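Please read them alongside the sequence and the structure.

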Amino acid sequence: MKKTYHIHGMSCNGCRAHVESTLSGVKGVDGVEVKLEEARATISSEKDVPLQKLQDALKKDGGRYSIHAEEVAVDIPEKEKTVSKKADSGSYYCPMRCEGDKTYSSPGDCPVCGMDLVPEETDLDQEDDTYHQLLRKFWIALGFTLPIFLIAMSEMLPSKPLFSILEQSTWNLVQFTLSLPVVFYATWMFFERAYRSIVSWNLNMFTLIGIGSGVAWLFSVFGLVFPDFFPAQFKTDTGTVYVYFEAATVILTLVLMGQLLEARAHRNTNSAVKKLMQLAPNEAIRIIDGQEEIISIDEIEIGDILRVKPGGKIPVDGLITEGATSIDESMITGEPIPVSKEAGEKVSSGTINGNQSFLMEAEKVGSDTLLSQIIQMVNEASRSKAPIQNLADRISKYFVPIVVLISLITFIAWSVWGPEPAYVYALVNAIAVLIIACPCALGLATPMSVMVGVGKGAQNGILIKNAEALEKMNKVDLLVIDKTGTITEGKPSVETIEANGENSEVEVLSYIVSVNQQSEHPLAKATLVYGKDRGAEFLDISHFEAISGKGVRARIKDKTIALGNEKMMELEEVVISDDLLDKAEGFRSEGKTVSFLAKENQAIGFVVIEDKIKESSKEAINALRDRGIEVVMLTGDNKLTAKAVADRLSLTQFKAGMLPEDKLKEVKQIQEEGRVVAMAGDGINDAPALAQSDLGIAMGTGTDVAIESATITLVKGDLQGILKAQRLSWKVMRNIKQNLFFALIYNTLGVPIAAGVLYPVFGILLSPMIAALAMSFSSVSVIWNALRLRTGELI
């Protein structure tokens, strides 16, 4: 077994080695690994080594260092914090997996694709800081870019109103001044990435951004400072050179917005971990010598006796030692019906106690609990996902060097064979080539389609977290679905009431709702809803008593009425006729719950409770099969219930009794077979598998944790939404490819004209202003095409 502890007092590698050596000498310890930067020790042993034993070893060594349970907060001196921060050499990796599993010792950018490196171990606060830093930079960039854009656009108005206030040369200077914070603060990181991509010759999207916006900005500054350097055809009527500060800043701000959305997606993924952490209570009640004391959950040790009160959350994994209750384990198993627990049975951290108090012995604490393991699985599965290689990046790999090469050839050709001033023509035409190839439309091609597609999805009850989900949805060939809340409604409801020949169904229903009036059990609430809908008569009751794990009983009209399972009937010594038993067995063989009703030791009927299959489930599953998608059901429910549901939906592949880790392993195994797996679920128990799958689809009627772990959420919780999502995916991907065509066609046609191929015959040159206009046309085409996604049905 392995356990992780917090070490206090280390400040250098010598300290680390000393602590490692001391702990290795403790009897029963097989191995010790101490990490200075994390102030943690991982101890391996065959049997549990008490924490006190480890603490004693460090005390005997001089007491300079101390060891604590991992969750215990320890005050660290400011000096030590500084040393620890400097020593931080955590492991970072590229989310694109450009270099496989290669990791880096410090944060930064991937040298291949330019993406931010992310830590292997999630630091929630660090990712929050990254998001807020990008958000601040975005608002700064937007604040300075908008006035630049408005000034530039005013030139196109017939009356040119701004020029009546100041001269054009002055407005150009204003644009230059406003562009400085955008270029040198808010978006400077893009130029750094572009520089590194050129130096390493790993050309990517940032290369295009850096060259395109950089050249547009430098050209504008040069034209502002040295206007006489340019021929007349590159000047305005007032004699100023056309400047492109608005083109540069708009491009950079748009790219920054894309980075911000990416950071927000990371942040939302991690909020799933935060919500899981909130499931466990902060405090627990420990029993010592018969006395109760309230302690922090971090202070619980293995073997402690804890009291769990009605409605309370169970603090750690353990065993019931005294008492009986029903426990809501839906956050672990996903099943809505509480499970009866008695002495000797196991309970899990984060699950919710029913209406009975009980004592339990702590067996697993801290990171060893089932809830902690689910948190770890969600975290690791989320981090293991590599984003898709963006189509624009693939194009950039070839597009960038070709454009740069053409620009260089243009400069050389005009320098050698061009008219005087040859170098001016050479420079201007080379810049025109770069400007017409500026990636504004290329940068818009994907985000515009995604933005409109996401909006279209939202109108149809499909919430999409990122562009990757849209692309992968169209490639899915196997869908894994949970039962409860996905195929079924996820809540108990009454199917029917059965009565013996001597009593009517109306009378049986009246007794059932009457005896359940004071019960807090979810099954009782289902019968009350059913009874109210059918106008059942509620009778006066007395001497009500709930027997945990069995049922309820009360006095009605001086007669004892009992309602519950067969254990309850045995307790009340009730006689059940063979006819009633046969009918009940028929329902139970379909995976339904049966509660018998007895009056004065004689069974007079029963109620059948089920988790109804949604009306749209069978139709949706058949439609998915018709589209070539294989459907597999994984459920935490028992095999009998799972088989009954599978038979009704004609599902040949299903597995029952699946815990969160089982679902995760199954998804991994299917992926290893080369399948593209989508997982649809609604519970906390589905969260690890949702995060691991190629595409996680959460039911909007489910838990927040499942929704945060998924990349697509179906608001209505209806499998028909998967069909709509697949159709939307196909339309968006087709639209993106069309946009890339529009983004490139103007550039492809414009580049040779900008290079001057028409000049020898027609005397036509393409000024940078016309090049910018061609850029605008390509952007307009991209936007118009993306907006077409708003029309048309998804099914």
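1. Gly-628, which comes after helix 20, has a positive phi near 85 degrees. Helices here are DSSP runs of H or I with at least four residues, and strands are runs of E with at least two, both numbered from the N terminus. The model is a predicted one, in which local features need pLDDT of at least 70 and side-chain atom pairs count only at pLDDT 80 or more, while totals for chains, interfaces and linings use all residues. Residues are numbered from 1 along each chain as its sequence is written, and side-chain values use heavy atoms, with hydrogens and water left out.

2. Helix 20 itself spans residues 617–626, and its buried residues are Ser-617, Ala-620, Ile-621 and Leu-624. Buried denotes under 20% relative accessible area, exposed over 50%, and partly exposed in between (1.4 Å probe, protein chains only). Seen down the axis, the buried residues of helix 20 fall within an arc of 100 degrees, so they line one face of the helix; the arc is taken from the directions from the helix axis to the C-beta atoms. Glu-619 and Asp-626, on the other side of helix 20, are exposed.

3. The cover over the buried residues of helix 20 includes strand 18 (478–481), helix 15 (483–487), strand 25 (630–634) and helix 25 (720–755). Contact here means heavy atoms within 4.5 Å.

4. In helix 19 (residues 578–588), the buried residues are Leu-580, Ala-584, Phe-587 and Arg-588. Their arc around the axis is only 95 degrees, which puts them on the same side of helix 19. Asp-578 and Asp-582 are exposed on the face turned away from that buried side. Among the elements covering the buried residues of helix 19 are strand 19 (493–499), helix 18 (566–571) and helix 21 (639–648).

5. Most residues other than glycine have a negative phi. Ser-650 lies in the loop between helix 21 and strand 26 (654–655) and counts as partly exposed at 44% relative accessibility.

6. For the protein as a whole, the secondary structure comes to 27 helices and 29 strands. Of the 795 residues, 51% are buried. Among contacts between residues at least 6 apart in sequence, 68% join residues at least 24 apart.
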